[in-house]
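Dear colleague,

I am handing over the structure below, and the notes that follow it set out what was found. Please read them with the model open beside you.

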Amino acid sequence: MDRWAEFSRSAKLSGIGVSEIIRIGAEARKLAETHQDVISLSAGEPDFPTPDNVKLAGINAILTNQTRYTALDGTAELKAAIRRKLKRENGLDYAANEISIGAGAKQVLFNILMATLDPEDEVIVPSPCWTTYLDMIRLAGGTATMVPCSADAGFRLSPEQLAAALTSRTRWLLLNSPSNPTGAVYGAAHLAALAEVLRTAPGVGVISDDIYEHVLYDSAPFATMAAICPDIKPRVVIVNGVSKAYSMTGWRVGYAAAAPDIIAAMAVVQSQSSSNPCSISQVAAIEALDGPQDIITERRDAFRRRRDRIVAGLNAIPHVHCLLPDGAFYAFVDMRTLLARPELKRKDIADDTALCRYFLHECHVASVPGFCFGGPGYLRLSFAASDRMIDDALERMKAGVERLLKY
Ligand code: PMP
């Protein structure tokens, strides 16, 4: 019998699919083949181009033949640039053997979880959260303990919730500030309060996903656990990268800063999967980190204007509520009042997935259902889009909701 006829996925993959965000993006692209007016607000990437100085550094890397394998977890030069960044922007000292570079923060997170989780180890994840965390934890053999954080609490984990979620199997607390999808930000006081609880649990580490560090609006300055609580720093892994701050999502460069034993364990995972991140992208990332930084404030100001625009527009739609996110570039929109309306029930639009499909197929606006992030009844809309796209999307969604409420 033909072995391939019997092909089935490994047990490891059971219940794990392609990320819902990527799936919806593909559905929107397919729809766009026949309808040119589809507005995609589902992706999590800046719409700005990579800065010219960074592009030129990449071109120059090709022309000067920097196109071979590099050191497994990143070049010495990029590690030095990352160390300078951590010192300059976060006041943190890390040695070269405390830095690991991978193909995006996503691979870096995967390496950490693969390198550290044993079966039944638990990771505390405040939710709503980025969908990928949960699947990655499962792939790595661990268990995610999702702790629901309400809008009233600013979508932030409280020290009491942290204390209640800790068990003898807890390995990590995974913090993401500013947060995808809620835009919640943990300030210095919030982090210090969580650290009080962590001091009672010395075996628990913190993965601090700081990828949206520079997309921060009102609650400046940015705070990260390792800098706020130096006594906790030895058990913190900082995860960051160039994707969001420098519009470099396609270049795939992310990094971690952590104790040398964790970095060494991550290198084992990377050595048996992808090896070094792209040599050309690493050269470009040095330019991003060491070159002029004005782009960060310019783009943040643009994101702030778009945030204000989209949130005001969303709140003008009947039964739709949206809080002003403090960071990242997502509006996390509360559709629960709308979904509770009898008119929607009659039309079989009972949850966020159905509403997301309605907006995609009837209004040609792509969003992501909140259930993917552990926030059922919400939709996530990215405002990393032009003013024109935002205005058009709002207009169509408003008209779409009015149609739904008609009969
Ligand atoms: N963390 C969070 C919270 C994200 O939203 C993303 C990208 N969507 C990443 C990490 C990964 O970023 P990258 O792999 O592009 O560096």
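The buried residues of α15 are covered by elements that include β1 (39–40), α11 (294–315), α12 (336–339), α13 (342–346), α14 (352–363) and β11 (365–366), where contact requires the C-beta atoms of two residues, placed from the backbone, to lie within 7 Å. Helices (H or I, at least four residues) and strands (E, at least two) are DSSP runs, numbered from the N terminus. This is a predicted model, in which local features need pLDDT of at least 70 and side-chain atom pairs count only at pLDDT 80 or more, while totals for chains, interfaces and linings use all residues. Residues are numbered from 1 along each chain as its sequence is written.

Helix α15 itself takes in residues 387–404, and its 18 residues reach 25 Å from the first C-alpha to the last, close to the 26 Å expected at 1.5 Å a residue (the expected span being 1.5 Å times one less than the number of residues). Its buried residues are Ile390, Ala393, Leu394, Met397, Val401 and Leu404; a residue is buried if 20 or more other C-beta atoms, placed from the backbone, lie within 10 Å of its own, exposed if 12 or fewer, and partly exposed in between. Seen down the helix axis, the buried residues of α15 fall within an arc of 100°, so they line one face of the helix, the arc being that of the directions from the axis to the C-beta atoms. Arg388 and Glu402, on the other side of α15, are exposed.

The ligand is surrounded by 13 residues, of which Gly104, Ala105, Lys106, Gly241 and Ser243 are the closest; a residue is near the ligand if its C-beta atom, placed from the backbone, lies within 6 Å of it. By class, this shell has three nonpolar, eight polar and two charged residues, where Ala, Val, Leu, Ile, Met, Phe, Trp, Tyr, Cys and Pro count as nonpolar, Asp, Glu, Lys and Arg as charged, and the others, Gly among them, as polar. Helix α4 (residues 104–116) gives the largest share of the shell, three residues. Eleven of the 13 residues of α4 are buried, so this helix is largely enclosed by the rest of the structure; among them are Gly104, Ala105, Phe110 and Thr116. The end C-alpha atoms of α4 are 19 Å apart, which agrees with the 18 Å that its 13 residues should span at 1.5 Å a residue.

Turning to the strands, β5 (residues 170–176) is mostly covered, with six of its seven residues buried. Strand β3 (residues 122–127) runs parallel to β5 and is joined to it by three bridges, whereas five bridges join β5 to the parallel strand β6 (residues 205–209); two strands pair if DSSP finds at least two bridges between them. Leu173 in β5 stands opposite Ile124, and Leu173 also stands opposite Val206 in β6.

Elsewhere, four strands form an open sheet with antiparallel pairing, in the order β9-β10-β13-β12. Its edge strands are β9 (321–322) and β12 (368–369), each of which pairs on one side only. Two bridges hold β9 and β10 (residues 330–334) in the antiparallel sense, and Cys322 has Val333 in β10 as its bridge partner.

Finally, Ala188 is found in helix α7 (residues 188–198), and it counts as partly exposed because it has 16 C-beta neighbours inside 10 Å.

With best wishes
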